[in-house]
Amino acid sequence: MRQVRPQAPPRGLVRSIYRVPIWVFRLGFGSLLSRRFLLLRHRGRRSGRPRETVLEVIDRDPATGTVIVAAGFGQRADWLQNLAARPACEVRIGRRDFPARARRLDPGQAADVLVEYGRRHPRAVRVVARMCGFEVDGSDEDLRSLACHLPMVALEPQVRA
């Protein structure tokens, strides 16, 4: 694995393009993205205002409903910092909404999840890595190295009060 450019959240026009999938969910077409993407609703760490972002599902546990997502732009991703301050959130997958609590995966867990994702989606893992500023060959070793740079979060469903 090698880093081809620094990890940094997008700005300007690129940020606007990245936000288009939010409108897909808002307009009720989230089911078109439901197998691979989710809408995360969370609160700003300083403002407390509602925020939304669309993230790719890296893994899911059908028994518990837990989904795992990665912070492609590393530690500087706003949603990651917001969840660190306020782990309560809401997740929409397709047309299904549920309250969740965010839990950061340790590096070993993250590496295992990313290796499995790479086995299921070998082309997608290369594209995702490239978008995050890395070039990988798809080997288990490369993906384990990449996992050190991609913080991963488990979104665990909570019972509604």
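I began with the surface: the chain has an accessible area of about 9100 Å², and carbon and sulfur atoms hold 53% of that. Such areas come from the Shrake-Rupley method with a 1.4 Å probe, and for residues only the protein chains shown count as cover. I note that this is a predicted model, where local features need pLDDT of at least 70, side-chain atom pairs count only at pLDDT 80 or more, and totals for chains, interfaces and linings use all residues. Residues are numbered from 1 along each chain as its sequence is written, and side-chain values use heavy atoms, with hydrogens and water left out.

**Fold**

I looked up the secondary structure and found six helices and eight strands (DSSP runs, H or I of at least four residues for helices, E of at least two for strands, numbered from the N terminus). Along the sequence I read β-α-α-β-β-β-α-β-β-α-α-β-α-β. The radius of gyration, taken over C-alpha atoms, is 15 Å, close to the 15 Å that the globule rule gives for 161 residues, so the chain is as compact as a globular protein of that length. That rule is 2.2 Å times the number of residues to the power 0.38. The C-alpha trace spans about 45 × 40 × 30 Å along its principal axes.

I then checked burial (under 20% relative accessible area, 1.4 Å probe, protein chains only): 42% of the 161 residues are buried. For contacts (heavy atoms within 4.5 Å) with a separation of 6 or more, 65% join residues 24 or more positions apart.

**Largest pocket**

I took a pocket as an open set of points on a 1 Å grid over the protein atoms alone, where a 1.4 Å probe fits, with protein on both sides within 12 Å along at least five of seven lines; lining residues have an atom within 4 Å of a point. The largest pocket has 40 lining residues, with T53, V54, L55, F73 and W79 nearest its centre. Elements giving two or more residues to this lining include α1 (12-18), β2 (37-43) and α4 (107-120). I found that β3 contributes the most, eight residues.

**L155**

I located L155 in strand β8 (residues 152-157). Its relative accessible area is 0%, so L155 is buried. Leaving out residues up to four places away in sequence, I list among its contacts L38, L40, V67, L83, C89 and A100. R60 lies 95 residues from L155 in sequence, and their C-alpha atoms are 9.4 Å apart.

Note on methods:
Buried means under 20% relative accessible area, exposed over 50%, partly exposed in between (1.4 Å probe, protein chains only).
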